[in-house]
Protein chains: 2
Amino acid sequence: MKDFFKVTDLEKVLEYTSMFPVVGTELVFLEKTPGRILAEEIIADIDLPGFSRSTMDGYAVRASSTFGASEENPAYLNLVGSIAMGESPSFSVDQGEAARISTGGMLPNGTDSVVMIEHTEILDEKTIEAYKSTAPGQNVIEKGEDFTEGNIVLHPGQKIRPQETGLLAAFGKEKTRVFKKPVIGIISTGDEVVPVSETPHPGQIRDINTFSLSSQIIGAGGIPLTFGIVKDDYKNLLEKCREALLASDMVLISGGSSVGNRDFTIEVLSALPDSEIIVHGISISPGKPTILSRSGNKPVWGLPGHVVSAMIVFTAVVIPFIEKISGFLPEQKNRFTLSACLTRNVSSAQGRTEYIRVRLTEKDGILWAEPILGKSGLINTMIKADGLIEIGKNVEGIEKGTQVRVFPM
Amino acid sequence: MKDFFKVTDLEKVLEYTSMFPVVGTELVFLEKTPGRILAEEIIADIDLPGFSRSTMDGYAVRASSTFGASEENPAYLNLVGSIAMGESPSFSVDQGEAARISTGGMLPNGTDSVVMIEHTEILDEKTIEAYKSTAPGQNVIEKGEDFTEGNIVLHPGQKIRPQETGLLAAFGKEKTRVFKKPVIGIISTGDEVVPVSETPHPGQIRDINTFSLSSQIIGAGGIPLTFGIVKDDYKNLLEKCREALLASDMVLISGGSSVGNRDFTIEVLSALPDSEIIVHGISISPGKPTILSRSGNKPVWGLPGHVVSAMIVFTAVVIPFIEKISGFLPEQKNRFTLSACLTRNVSSAQGRTEYIRVRLTEKDGILWAEPILGKSGLINTMIKADGLIEIGKNVEGIEKGTQVRVFPM
């Protein structure tokens with residue numbers, strides 16, 4: 001019997017992300033920016049807005065013209081014009097005067113605020129009454145108040161959300177430099193694995209991992225590239241790995257997690273060009289037999305063959321590596337985990353980080369995390385699950401009622 | 001001056017989702033299922049697994065052969081074979097016998113459990129010692145234990161996550177019926193709006209909404225279809241709306257939220273074929289001037305022109321309509337909102353639902369929601385924000401320290 005491998009702590013494994021470089025960058029059109037990782041610093045090249053704008057429908061005035069105005073004692077203002085949307089007013093407004101303005105309209109020279117239409121009454125063609133005073137700047141967004149020319153507004157490593165895409169539009173960025181989406185190759189191994197199109201005979205199972213991992217890769221911002229099923233054959237697997245490495249920024253080999261097959265995967269990983277086995281076993285459950293190696297500057301993973309273990313390892317371990325090579329900077333990330341109240345005691349073995357599937361339910365405004373019972377190898381536990389909770393390696397268990405973090409799955 | 005419109009409560013507006021039918025369905029290949037909404041019931045057409053499988057590397061045995069085994073008093077077992085992965089064992093195992101098995105291997109006839117390899121020692125070619133007893137079913141997933149043939153496993157209206165795609169693979173579903181992604185047309189209006197490629201003159205702004213709304217539509221599972229900018233011209237807008245309605249399942253018109261333009265949008269919406277104005281103003285802030293109309297069986301929205309208001313209305317009001325026509329069933333949804341502790345008192349006007357942008361920060365394991373100060377019309381508040389909190393219409397405000405729900409933005 002082979003020696004059992006020496007496992008590495010999860011924290012140590014995650015430090016190895018620093019070994020792998022960020023993939024390249026590319027220029028994409030504005031409509032292709034959603035969800036991408038920004039690769040350039042965006043500096044305001046104009047003031048935003050480019051002129052003082054009204055935020056209300058009403059009358060542009062000099063605030064001092066309305067000081068002291070009330071229902072009983074309205075300010076009488078001479079109407080000197082109306083501001084057309086999208087145009088720079090050709091006139092200016094003096095003390096005691098007003099100009100009709102719509103939301104988004106440009107304030108004429110001489111004005112500093114807008115009286116809301118609701119606080120006015122038209123007396124005649126030339127005169128309005130204002131029932132309320134305005135303060136300078138009221139109902140106005142000043143030129144450059146949103147973003148001032150020359151300031152840094154977005155940083156490399158940021159994920160581009162709808163508001164960032166909107167901001168790129170505001171600055172006229174028809175093309176933006178983003179990090180390329182890493183291409184992640186998937187190889188499914190195992191003599192028992194048959195394609196989805198085949199009816200498995202007794203002893204055989206369909207290739208699930210190619211599809212569950214592809215879906216997880218899409219969710220993590222990568223591009224999955226599938227290489228089908230390789231039987232447990234050194235030469236074939238080595239050849240397929242070489243092919244996958246040429247076309248991908250990272251390779252996942254699923255299967256080969258039994259002791260025998262694991263040695264076999266290790267042999268293949270060691271035979272890849274400029275390669276090094278970095279991690280051979282991680283102190284997590286499920287997922288202990290996971291292998292991380294390096295070939296050139298690309299990570300190559302040996303993931304457990306069982307779909308549940310593979311999915312959990314992907315979530316807990318592989319995603320941080322994908323984020324690293326995607327140029328995503330944790331300090332720029334707007335991602336927060338759900339928190340929920342544990343419905344029952346959960347015990348855990350010390351010395352390893354354990355992942356428990358939980359179902360979430362809401363009761364009286366409190367979110368509860370209910371551990372899912374049943375053998376960990378059952379896919380139905382993942383179907384029932386809304387997320388995972390993590391039990392740290394120095395903890396024996398978590399008591400009912402404790403607030404726990406939930407990683408959505 | 002025109003009468004102010006009669007606003008509708010948010011709850012009432014959301015009830016109108018029932019007016020609009022679900023878009024059609026389509027068959028997609030397995031690799032295209034991630035993130036889609038399932039449109040068929042999935043019934044297990046085989047047992048999963050199709051045979052009793054080992055979950056460990058070890059020896060398949062009849063549990064009774066190991067009863068009472070311990071370090072001091074091991075059970076001696078005759079090795080009668082080795083199970084090849086992917087094959088149905090051609091032999092059976094009797095009392096006092098064992099067969100070598102790997103993780104995922106098929107249990108031979110006569111066995112009901114697996115002794116882990118760690119609890120055994122090889123004595124000679126034909127004999128092993130087992131140091132631990134097993135119970136029937138131990139280290140085994142029984143035939144049909146995960147899913148039993150004939151049972152319903154997935155429901156229409158469910159969002160397909162990686163585990164559901166994996167399950168479809170397990171059942172050999174090369175093609176799956178899903179709901180079509182709704183096509184959402186976007187028309188930007190306003191005499192002040194210029195294309196992103198142009199440099200705005202004083203009084204003009206670039207078209208932001210087309211891009212921020214497109215990005216939000218993608219996030220909500222729709223397909224954005226953009227129709228560019230239409231100047232405030234009745235005939236042009238009517239024509240563009242007709243064109244958009246023909247090509248889309250829903251149309252968003254952004255802009256025209258000032259009183260004058262709003263009337264103008266209302267006129268156009270009323271002139272569309274088989275049309276009806278359903279909502280003319282919603283008691284939310286920001287977003288009060290929002291219009292919802294129906295043309296045929298399609299919703300047409302008049303959204304505020306300001307990017308911040310438009311984004312918030314999209315999140316709070318439009319998304320539930322997109323989900324409805326996408327076939328997404330709330331009772332099948334695995335979506336839970338973040339909860340955080342408010343850092344300061346927030347006041348609100350009664351009678352309307354108010355949305356406050358917040359920044360999230362974590363301190364001592366507690367998530368804090370910090371209201372973002374600054375005029376609501378500033379885009380930079382959305383860039384700083386991680387989400388929105390909702391203040392109910394019957395609430396005057398929320399006190400510092402209160403646990404609030406956060407809708408990520």
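In this structure, 77 residues of chain A are in contact with 77 residues of chain B; contact here means that the C-beta atoms of two residues, placed from the backbone, lie within 7 Å. Before going on: this is a predicted model, where local features need pLDDT of at least 70, side-chain atom pairs count only at pLDDT 80 or more, and totals for chains, interfaces and linings use all residues. Residues are numbered from 1 along each chain as its sequence is written, and chains are lettered from A and ligands numbered from 1 in the order in which they are written.

Back to the side of chain A that touches chain B. Its largest share, 8 residues, comes from helix 2 of chain A. Helices here are DSSP runs (H or I, at least four residues), numbered from the N terminus. By class, that side has 33 nonpolar, 30 polar and 14 charged residues. Ala, Val, Leu, Ile, Met, Phe, Trp, Tyr, Cys and Pro count as nonpolar, Asp, Glu, Lys and Arg as charged, and the others, Gly among them, as polar.

Now one helix pair. The axes of helix 3 (residues 209-219) of chain A and helix 2 (residues 162-170) of chain B come within 7 Å and cross at roughly 155°. Axes are lines fitted to C-alpha atoms, for helices over the stretch in contact, and angles run from 0 to 180 degrees between N-to-C directions. Helix 3 of chain A is therefore roughly antiparallel to helix 2 of chain B, a term for angles over 145 degrees.

Key
Helices (H or I, at least four residues) and strands (E, at least two) are DSSP runs, numbered from the N terminus. Angles under 35 degrees count as roughly parallel, over 145 as roughly antiparallel, 65 to 115 as roughly perpendicular and the rest as oblique.
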